[in-house]
There are 6 protein chains.
Amino acid sequence: MSDLSHFQPLDAGAIPRFAGASTFMRLPAASPGGVDIALVGVPFDGGTTNRTGPRHGPREIRNQSSLCRRVHHVSLTSPFDLLRVADCGDSPVNPVDKEESLAAITGFFEQIRDAGAVPLTAGGDHLITLPVLRGLHKGSPRALIHFDAHTDTYDEIFGTKYNHGTPFRRAVEEGLLDPERMIQIGLRGAISHGTNYDWARDVGIRLVFIEELRKRGLADVMAEAKALVGADETYVSFDIDVIDPAYAPGTGTPEIGGITSFEAQSLVRMLSGVNIVGADVVEVSPPLDPSGITALTGATMMFELLCVMAEGMAAKKAD
Amino acid sequence: MSDLSHFQPLDAGAIPRFAGASTFMRLPAASPGGVDIALVGVPFDGGTTNRTGPRHGPREIRNQSSLCRRVHHVSLTSPFDLLRVADCGDSPVNPVDKEESLAAITGFFEQIRDAGAVPLTAGGDHLITLPVLRGLHKGSPRALIHFDAHTDTYDEIFGTKYNHGTPFRRAVEEGLLDPERMIQIGLRGAISHGTNYDWARDVGIRLVFIEELRKRGLADVMAEAKALVGADETYVSFDIDVIDPAYAPGTGTPEIGGITSFEAQSLVRMLSGVNIVGADVVEVSPPLDPSGITALTGATMMFELLCVMAEGMAAKKAD
Amino acid sequence: MSDLSHFQPLDAGAIPRFAGASTFMRLPAASPGGVDIALVGVPFDGGTTNRTGPRHGPREIRNQSSLCRRVHHVSLTSPFDLLRVADCGDSPVNPVDKEESLAAITGFFEQIRDAGAVPLTAGGDHLITLPVLRGLHKGSPRALIHFDAHTDTYDEIFGTKYNHGTPFRRAVEEGLLDPERMIQIGLRGAISHGTNYDWARDVGIRLVFIEELRKRGLADVMAEAKALVGADETYVSFDIDVIDPAYAPGTGTPEIGGITSFEAQSLVRMLSGVNIVGADVVEVSPPLDPSGITALTGATMMFELLCVMAEGMAAKKAD
Amino acid sequence: MSDLSHFQPLDAGAIPRFAGASTFMRLPAASPGGVDIALVGVPFDGGTTNRTGPRHGPREIRNQSSLCRRVHHVSLTSPFDLLRVADCGDSPVNPVDKEESLAAITGFFEQIRDAGAVPLTAGGDHLITLPVLRGLHKGSPRALIHFDAHTDTYDEIFGTKYNHGTPFRRAVEEGLLDPERMIQIGLRGAISHGTNYDWARDVGIRLVFIEELRKRGLADVMAEAKALVGADETYVSFDIDVIDPAYAPGTGTPEIGGITSFEAQSLVRMLSGVNIVGADVVEVSPPLDPSGITALTGATMMFELLCVMAEGMAAKKAD
Amino acid sequence: MSDLSHFQPLDAGAIPRFAGASTFMRLPAASPGGVDIALVGVPFDGGTTNRTGPRHGPREIRNQSSLCRRVHHVSLTSPFDLLRVADCGDSPVNPVDKEESLAAITGFFEQIRDAGAVPLTAGGDHLITLPVLRGLHKGSPRALIHFDAHTDTYDEIFGTKYNHGTPFRRAVEEGLLDPERMIQIGLRGAISHGTNYDWARDVGIRLVFIEELRKRGLADVMAEAKALVGADETYVSFDIDVIDPAYAPGTGTPEIGGITSFEAQSLVRMLSGVNIVGADVVEVSPPLDPSGITALTGATMMFELLCVMAEGMAAKKAD
Amino acid sequence: MSDLSHFQPLDAGAIPRFAGASTFMRLPAASPGGVDIALVGVPFDGGTTNRTGPRHGPREIRNQSSLCRRVHHVSLTSPFDLLRVADCGDSPVNPVDKEESLAAITGFFEQIRDAGAVPLTAGGDHLITLPVLRGLHKGSPRALIHFDAHTDTYDEIFGTKYNHGTPFRRAVEEGLLDPERMIQIGLRGAISHGTNYDWARDVGIRLVFIEELRKRGLADVMAEAKALVGADETYVSFDIDVIDPAYAPGTGTPEIGGITSFEAQSLVRMLSGVNIVGADVVEVSPPLDPSGITALTGATMMFELLCVMAEGMAAKKAD
């Protein structure tokens, strides 16, 4: 495990958290070829139909992630003691060309896939999950556990098929995800038409609204989610707007009545044992976040995801 | 129902939410004569004894209400498919003359009443509820379901009988409200004198503090509220400060320890079946709301109220 | 002139400036067919390569324009006493499709042109000036007086020809503008390559850097500008970033060392006599403008432009 | 001069500027009876017709005035070495009763006048200057040097004669000010009607617009001002909005194109020799001032006024 | 009890909450010699290793405490009717000399102790609790009930033994606190090393993580806490970061997933009966608190602590 | 010059300015050994006696410096085409130990000096200039051109000799600077005692107050400055508070009435030909800078300094 020494966060008891240029969790920069888990950014918001700004998400999440530490206080394990984790930089994007960006992001994640690393991504708006899934694709559709206020399964908005409200429909259509092993948790907020959820239900996606989540309890819902995905390769997508805007105001399509950050942490910790092949935290919009707590929450949720991913991957490796 | 087509929000899949001048929920402007529910503003804060700013509430609530959508995600009904709803503008007010403003607001709501519309109002400070009730008055006192951190039943502050801490006492004294069918929910926060609640209790107003609300649960308290008002004509007043300042910091007299926005939504949804003859959301102060989430919460609470009002009115119509 | 009574701002001594939904300068909404000068918005920022947000410009400029008044304090004439001016709404745009947006904006301004109105536009990022010019085109290239920190005459950024750094190059290439009657004033800020200005100079555009402007004085430079455009049809484009970020922090590509707002007003007032066929104020980005002064400055510059446009058009009419 | 030792600011080299409750310039609290110059607040904004908030001005100016120091860097004299200066608290006001507030403020300044102190006041909106002048009145009208973007000589707004746009008209009508010895400097911004300035000019008030001020230079205009008031008892009113919103964004009726803070300081320093019987700094609105620089500017302008007042009073005393 | 009349908050129905210089809860200033409970500030943040700013805490908590009232709404008793409470000012500190500050703070609290007053302190960063405890020391170690996200029991950070991460270890080592009667509640957040808690557990400190707190419920944990400290002299330290950053964003080391402000109030109310010899609220950092709710929360938690302290002290006195 | 290709900023036409972790001006990270000019940060504010926060300066300046470009628009030369420039990281500091920090900073700059690089530093508060000068010392005192609102030549504040108000006195005493070749430009703001400037004048430092600067003009003063330092090794220290707080609000000791950013740029450009052996930009405090323009201004001033330094060094090399 000696090579892990190259992949440690800066020591915050020697180098202040506010010092230096900020990488994710104060980790070294590296290329995906040499790491197990690649922390990356996708600074693209060209799919945003409402309030804008998540192109600035990766940088500000990096900035706030300086407050992250090494060891999870519940599990007492450190991802950095289990696997090689590094900041592998940002995907190339073209802020004024959506199609080119989709292609470039796809290519970036193909490289990560081909390098054998598992990506944990900071968005960007939710459209980026589509090219991430394309890039990580390996032939058969993955399962999905998706935390969000919205299903993001529209067919079209503004007559376009590629925007932050459509990625999961496209991903199903393209065979990247298997709708019958997809679960969306934390849904809420008024909708444009009463038929908005029909497609998702027709193809078999499991929709868990906040009301059901609160009524059944988090553990019960997560048990169902884990049963649904089983040991299959699963992607986890975390839209920051699943959390209530009191906790995460800096996002483009906020919906009141959401989960707390404690509940968000609890949900992610219950992913333990899931075979995660990639994850993301999206829709953090720093220009709409005057106190910075949204980016801090995004960074902390990445750490929670990292812990559960690292434990699972390390256990598999050890087998 | 063909005439409802004139009273639809702009299509957010064709016209972006951030485009154009902002009306409530992107509805057309109309006069109260042609609508069932009139969304109106009362941009007056001359009754504010503490931190100021709710005169700017109606405009910023309109702005944030661009994020509202058409169909409630739980009931799956849309108010805009049931009734004619429109933005009927702001009441005339005189920012430097309280008495004249009270008279002007009263007159504005008399017009709404006489036009046969039911108003859903964005304040303004809580004093505005008094002239609203005066304008809507029809001879006998109404019942009241009131969500607030404060009872607003002082006799006088600064030696004046008309300010944002006194409207409900005045309304009882004037026969606008029947104290024995009044319930105030979510009360909390230190008070000026131990006798502050005496008058309210003496006249029979039901006071539900946050501690009781949390202990009994929302459903139990709301069952009591609905039993109290029965089928009587009921006014609903929603002071944004009933919600915790984490969710709604932009208000003049914030009290920590409040309800969550999810709880606020739950409470309002439980109003289903109440015979609502008017409602308001007051005390949103945009200058104190750097992230805008208070106005967004105000707008969303208006949508929740609109849904429950429209369902009730449509059912009655259908009878 | 009796029909002007329909095109007056709300009386701020009777209806408070903060009341009601906000239109530009509190004017009535109207279609371009019935007006002389059409105040319009183009809420599009899909051409933005840096910090984002001007899609929210038109709405917030409308909001702040509530502080505008009726009569210019220097000339003592009121545009609203000279011509019919109204808020003609926002151009259709597609926030997730740049090409479609360019076409839609072009079509919107063709309608304005065909209606015989002169547009005064609030952007949006600077790319929007290209489709505005396309829509207003009438066969021969126009002259241009352009206030900006940047020339916006790149050939390509990110390999794309259509973004907020390229509109004036495209406009020249398309025959919309005559480079020999183009002047750009207030230029400053480091550049990407020493050759950045070559094309502009080669085609004959007159570049006035801030250093020259300060050295010669505003009047001298504006005399040159007016001599350059003469009586020809001239478009005026005002990028808010020509003003120093102390005065206008809310913009995507701020450059320190700019002109003051007083200088900006002086420059625009000196346009008196220019044959203006359209004008815009662009790159106001509200999410980057915590105190709102950038949008206020944008609104006031629109009023300054409106006054000089109305005087010229009224004089021509009177001939 | 030994008693001056009781009226010294806290030593910032021993007690940090951020420590303790904040009084004006960290001076002791005292009653007007024992001081030469009384620093006071009037936290009232019930005359505000536009954006609100100056009720919070005195407290935040006190807070920022902790950065003030003892000795003026140009004159090298200290007001605290010349005269007894103290924080004499805030005038009583009634935030929900304008008439009562006007009376209470008048009474407060009568006490200051009768105590023989000269007040330097932090507002509040500009209406407060009227009761200040009433309270300080001694039989004959005073001269006025007035720095402002607006003349505040309306007859009525919203049909009321008492609001922040009318105090100087009322003061002339009431014989508190002599219009022929009144000068208003820094005027600018569009106006509601072309006749707005007629009354002021008719009664003989000297109006100096920003354009004239810039053209003639500050010294020339101030020489005229000083010639106009001569040795007569003069009141100085400083509306923070005379300064450009880049320097002072936190005010209710900002007008772009104003003077710089350096120019503001220069103007006030040129008051040297004027027989000042009272002065104020008004219209600082902290809720609209996210960076705090408006209140800092207000505090520093109070220090500049204090220096010129103290020098004059000390010289007179020494005669 | 007649002397209590000198120690009453200003009457908010006569003197507006926003008027005057701000003392804690609008109480009179006094020296500790004449009071029972001394509200004091320690504006020192020289122990801060991360994001900075709590030196500004006492002043802004004073400012926001103007919204506090007189009577607790649950217990209906007023601390001001039970005991003499006053604002006893800020401790001397040296912002650029940590050692001197520690000594000065110690001296300040020795004076309070020797005067027989019980201090309720607004920090400052958490390092200040160490000199507070030193100053209050009377020979035998005290018990501690400590609300915090962090244990603050590091041995060293940056090689120094005195910083905001170490005060409780030092206090145990110095015999100021008895580790076996210490309980820390609300702990959470990742840690630097898996061994971080070892020392605390070894010496017998009871650590209650948020997960245990939520699982067992607040009442159960507080019953344990009260059993632990019994009737012994107990210090209560409340780090604002025990509350979730949604409720208290303005702090230097925020940790998501914290308790709500309602839970915080509940916990403090359950301290009833504890023999409190001193308490503090620390780590409020106003520069990181754009909406001011963190300072408001800090002020309200001080009021909650004051109530429980006053009740206990009054009961003891009455014995 | 081929090796310069390794020291180029990222191409902003290919990689968006908002992408990736932020280094100074998007340059590569490097050690001082391989570069000509080392861009470094000193994130220390332990010398701050007033409002705090410049420890966060280097990171936020890095962030905003992403907007910097390659070529100066006046000189049309690029520093990156002349010399090797890189981000050499932050000096080690200890946020809770001033003495240790002074030593660590000194050591860091000794390494830069010994490596033969010239440092351009982002602070940190102004105390950092002392250890920078110590580290760069080579036996004989340097000349100094110093832009600041304050002389920073106190002997002691709070009884300590090392804080942000004393570095230049210490530097003279230690023989690091030659007072007779020191000039301080832009001074203003009230002072604590009339004798504050005596020491500086006694030892021969040239003090240029803002009033003299404005009266004589920038060019005249800079000619004097350049004559004073001649061809001697000169350090340039730029305190951001020399610029008016309208342009740079985010600083701890703001003084109104300062220079504009355009004037600041002009002054620095006139340094052409000075033999600069090091420079800094200090006192940028991001927590006090809600719009980010202070950090942007700091970054741009670093670019201006870089250009003038690179030109001089390249010319010398070429000799």
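**Aromatic contacts**

Author: E:F238 has 1% relative accessibility and therefore counts as buried (under 20% relative accessible area, with exposed over 50% and partly exposed in between; 1.4 Å probe, protein chains only). E:F147, at 0%, counts as buried too. This is a predicted model, in which local features need pLDDT of at least 70 and side-chain atom pairs pLDDT 80 or more, while totals for chains, interfaces and linings use all residues. Residues are numbered from 1 along each chain as written, chains are lettered from A and ligands numbered from 1 in written order, and side-chain values use heavy atoms, without hydrogens or water.

Over all chains there are 24 aromatic pairs (Phe, Tyr or six-membered Trp rings with centres within 6.5 Å; planes under 30 degrees apart are stacked, over 60 edge-to-face, the rest tilted). One of them is edge-to-face, because the rings of A:Y247 and B:Y247 have centres 6.3 Å apart and planes at 80 degrees. Each residue lies in the loop between β7 (234–239) and α9 (261–269) of its own chain, A or B, so the pair joins two chains. Helices (H or I, at least four residues) and strands (E, at least two) are DSSP runs numbered from the N terminus.

E:F147 and E:F238 form a tilted pair, 5.7 Å between centres and 50 degrees between planes. This pair links strand β4 (residues 142–147) with strand β7 (residues 234–239) of chain E, across 91 residues.

A:Y247, B:Y247 and E:Y247 make up one aromatic cluster. As for charges, the charged end of C:R214 sits over the ring of F:F262, 4.5 Å from its centre (NZ of Lys or CZ of Arg within 6 Å of the ring centre and within 35 degrees of the ring normal). E:R170 lies over the face of E:Y162, 6.0 Å from the ring centre.
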